[in-house]
Amino acid sequence: MKQLIHEQYIEGALKRLHLLEPEIYVDNEARGRSGHVGHAMTEFAPGKIIAFNSNTSAKLHSGHSPFGWIEYRISEDYGKSWGKINVLDYSVKEFVDGIQTIAIEKAVTCEDGSIVAFCLTCEGKLVYEPYGIPRVIRSEDGGKTWSEAKELLNYKGRVYDAIYHEGSIYVLEFSNDDFLGKGSEHLYRIIKSDDNGKSFYEHSVVSFPSTESRGYGNMIFTPENTLLVYVYNANDEVNMDCIRSDDLGKTWNNYVKCYVDKKIRNPQIGFLDGQYILHGRAGESEAGTGSFVIYTSLDGINWSQGEILVEGRPACFYSNNIVIKCADGKNRML
């Protein structure tokens, strides 16, 4: 399900988000399938958006499984309507061969119009872990055809975020073949490409004080060109780790903990009309159900009390966002 959000802003003060009615993007319940992980979106031309989704088993592990393949659809009207379902051939081949399965959590569009998608490889096949080496696929024709998959770098792990910024792709990978970090060898890395995703190199190691019990990850460039990286702490869900780089991800400083009243998992952060927006899965209740929560902030560090958008359902609520400038000139977050 995609949620369209429009924000109005008054200088120096948070304004309440205006949320449009949600629309069904893929009805997995009706087709007896699951869509866990695999939710990348990117705008590859004005008003043209490609959105990925998983088509996986709803029976294995209550739908919490990568056992299936990847689909995608394209909108040519700023996300108001979507074209036919396309199946990503590469994902079907991996699934049928039985060696591994894949998911696509992040994709970017480069200045030359090429789409670069980052594939999580799941060696467990029926479950996500252990993760293999992430792979990269590219399309130069708006998603009609895709290149052969190539390894990102020689690190097993999971790409949690990717941003195209000032002519380069910045990739956030947690180099760990399991979900949560357990030791000093499990590192968050910034991996970079300067040639529109044709090749990649290690840019830096994100110097969090500890990665033990950490997982997920998200990053954003501020209007001042500061890079903020956020990660989840399974032992402290009300405090999201954040660290800053003032030199485009080369070095890191000012590590802080961001308090989030209703907790957060798989944090996703965007910037819309002067305001940061954080959304994701809230902490689970004692009954084992989860909720979908959204927060706002003026500085990306101090967050509002938060608002539960969907409450008390046994769902994982993985999410993603992009900001688009619509035909009416207004910015909206999808």
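Strands here are DSSP runs of E with at least two residues, numbered from the N terminus, and two strands pair if DSSP finds at least two bridges between them. This is a predicted model, in which local features need pLDDT of at least 70 and side-chain atom pairs count only at pLDDT 80 or more, while totals for chains, interfaces and linings use all residues. Residues are numbered from 1 along each chain as its sequence is written, and side-chain values use heavy atoms, with hydrogens and water left out.

**The sheet around β22**

Pick Gly-290 and look across to β23, where its bridge partner is Arg-313. Now widen the selection to the open sheet of four strands, in the order β20-β21-β22-β23, with antiparallel pairing. Which strands stand at the edges? They are β20 and β23 (307–313); each has a single partner strand, so one side of each is left without a neighbour in the sheet. From one strand to the next the twist averages 15°. For such angles, axes are lines fitted to C-alpha atoms, and the angles run from 0 to 180 degrees between N-to-C directions.

**A second sheet**

Go next to another open sheet of four strands, with the order β12-β13-β14-β15 and antiparallel pairing. Its edges are β12 and β15 (201–205), each with a single partner strand, so one side of each has no neighbour in the sheet. The twist here averages 25° from one strand to the next. Select β13 (residues 168–175): seven bridges join this strand to β12, and the two run antiparallel. One place to look is His-165, which stands opposite Ser-168 in β13.

**Tyr-164**

Stay in strand β12 and select Tyr-164. What is Tyr-164 in contact with, leaving aside its neighbours within four places in sequence? The list is Val-108, Thr-109, Cys-110, Glu-111, Ile-169 and Asn-196, where contact means heavy atoms within 4.5 Å. Asp-194 is 30 residues from Tyr-164 in sequence, and the two are 9.8 Å apart in space, C-alpha to C-alpha.

**The second largest pocket**

A pocket is an open set of points on a 1 Å grid over the protein atoms alone, with protein on both sides within 12 Å along at least five of seven lines; lining residues have an atom within 4 Å of a point. The second largest pocket has a volume of about 770 Å³; a volume is the space filled by probe spheres set on the points, which are joined across faces, edges and corners. To find its centre, select Ala-162, Ile-163, Asn-321, Ile-322 and Val-323, which lie nearest to it among the 27 lining residues. The largest share of the lining, five residues, comes from β12.

**The cavity**

Last, a search of the whole structure finds one cavity of 30 Å³ or more. A cavity is a set of grid points where a 1.4 Å probe fits but cannot get out. The volume of the largest cavity is about 30 Å³. Select its lining: Ala-103, Glu-105, Lys-106, Phe-118, Cys-119, Leu-120, Arg-158 and Val-159. Two or more of these residues come from each of β8, β9 (115–122) and β12.
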